[in-house]
Amino acid sequence: MYHSGFTTPMQKFVDRDHYDVDQIIPGAKAIVMRNSQLLAMPFNASQTALYYNKAVLRQYGITPPPVDPTYDDITRVAKAIHDKSHGKVKGMTMEAYSWLFEQLVANAGVPVANHNNGHTGNATKVDFTSPAAINAMKWVKENIDYGDFMNFGSGGNAAANEAASFLAEHLGIFMQSSAKTGQLYQVLKNDLGVTYFPRPNGQKANGIAVGGAALWIANDKPSAVQDGAWEFTKFLASAQTQADWQAKTGYLAVNKGAKDEPTLKKLFKKSPVLEVSGNQMLRTKPNNTNSGVFVDGWVPARTAIQTAMQQIFVGQDIRQALQTAENTYNKVLESNNRANGRH
């Protein structure tokens, strides 16, 4: 969108109307900024969350993980679920989904592309084999080798089957978008447990990138139409609208003031678990490793990483699988940059 030349940066309207961008949560803004300019307005934000079933843990006398867990915290719970249920309930899963891999590396404070994930220059190389990336996959592999991991594969069916297995108490822990929180809560109510995304052992969480999408204004429309789009954008980003949006959809409010709106205050008082992922987003201090990857044509990278994850899950060497993904995408990236005159 940025390189297309087809959009009017949101910053133009922000500057003209002296719009207070500080009301928008920093982590939500960071993923749609370039050179301190707001390119688009965050709208339906999400975080990657870790879900656990309190009823399963209670049944087997297992202490829940903390709200801000390490890899070892989750492994402890996953192994205990497997052992105490005699394999009847699998401890954990992770979909072979690049977004989850990217977030594990981000939470370790490490970029997956040079030039600070493309934020300070056009990325020319990726790094899927950093110590942080390999450590993250070793954590998953430890659970696979122990036998407490359930492999659902990848894609939409994998995500749906994860949730179904979780709700049926055949699975204790899984990781997916915070947008699923509302749907899971409708079934489990206060038996739904939610934590922040796991962090490496002995390391503070760096924070993870905001998911979801943003609102852009096209520059091929008359100025009056663009002005109308800006007015609508301000309405959608307002505290009240964002509070209503979170309450009704499960996406996270991007306006700081939303948490003080009666809609969310009432919701969080009744169901504190629904506030967890928003708190994770609020506490994240944006930097170049937790604000997404600013690279054209990232889909082939995700395909390569997904393939590597699937290979690792069935026993292939971690470094070799990730190295193949890295080599595959570096060729694509080099070709893309050459085609677009970027070096």
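Predicted model: local features only at pLDDT ≥ 70, side-chain atom pairs only at ≥ 80, totals over all residues.

Colleague: Which residues of helix 5 are buried, then?

Modeller: They are S98, W99, L100, F101, E102, Q103, L104, V105, A106 and N107. That makes ten of its ten residues, and helix 5 is mostly covered.

Colleague: Why is T241 called buried?

Modeller: T241 has 15% relative accessibility, and the cut-off is under 20%, so T241 counts as buried. You'll find T241 in helix 11, residues 239-249. Its side chain has a polar contact of 3.0 Å with the side chain of S238. Setting aside residues up to four places away in sequence, T241 touches F235 and L236.

Colleague: And N116 and N117: are they buried, partly exposed or exposed?

Modeller: N116 comes out at 35%, which lies between 20% and 50%, so N116 is partly exposed. N117 has a relative accessible area of 2%, which is under 20%, so N117 is buried. N116 is in helix 6, residues 114-118, and N117 is in helix 6 too.

Colleague: P200 is in a loop. How do you know that P200 is buried?

Modeller: By the number again: P200 has 4% relative accessibility, under the 20% cut-off, so P200 counts as buried. The loop in question runs between strand 8 (192-195) and strand 9 (211-215). Beyond residues up to four places away in sequence, P200 touches T70, Y71, N107, A108 and N135. As for N157, 43 residues from P200 along the chain, the two C-alpha atoms are separated by 29 Å.

Colleague: What else is in the loop between strand 8 and strand 9?

Modeller: N206 is found there. The side chain of N206 makes a polar contact of 2.9 Å with the side chain of T289. Leaving out neighbours within four places in sequence, N206 is in contact with A106, N107, A108, G109, T284, N287, T289 and N290.

Colleague: How do you know that I173 is buried?

Modeller: I173 has 0% relative accessibility, which is under 20%, so I173 is buried. I173 belongs to strand 7. Apart from residues up to four places away in sequence, I173 touches L50, Y51, Y52, I74, V77, A78, I81, G91, M92, T93 and F166.

Colleague: Which residues touch the most other members of the largest nonpolar core?

Modeller: Out of 51 residues, they are M94, F101, F128, M137, W139, I173 and L322. Elements that each supply at least two residues of this core include strand 5 (48-53), helix 4 (71-84), helix 5, helix 7 and helix 15 (318-339). The largest share, seven residues, comes from helix 14. F128 makes contacts that include F101, V112, W298, I305, L322 and Y329.

Colleague: Helix 7 and helix 14: how do their axes cross?

Modeller: The axes of helix 7 (residues 131-146) and helix 14 (residues 299-313) come within 10 Å and cross at roughly 35°. The crossing is right-handed.

Colleague: Which residues meet where helix 7 and helix 14 touch?

Modeller: M137, V140, K141 and I144 in helix 7 meet M309, I312 and F313 in helix 14. By class that's six nonpolar, no polar and one charged residues. Lys counts as charged, so K141 is the charged one.

Conventions. Residues numbered from 1 in each chain as written. Heavy atoms only, no water. Axes fitted to C-alpha atoms, helices over the stretch in contact; angles between N-to-C directions. Helix = DSSP H or I, 4+ residues; strand = E, 2+ residues; numbered from the N terminus. Left-handed = near helix turned anticlockwise from the far one by under 90°. Contact = heavy atoms within 4.5 Å. Core = buried A, V, L, I, M, F, W, Y, C linked by side-chain atoms within 4.5 Å. Buried < 20%, exposed > 50% of the residue type's maximum accessible area, 1.4 Å probe, protein only. Polar contact = N/O pair within 3.5 Å; in protein donor to acceptor, adjacent residues only side chain to side chain.
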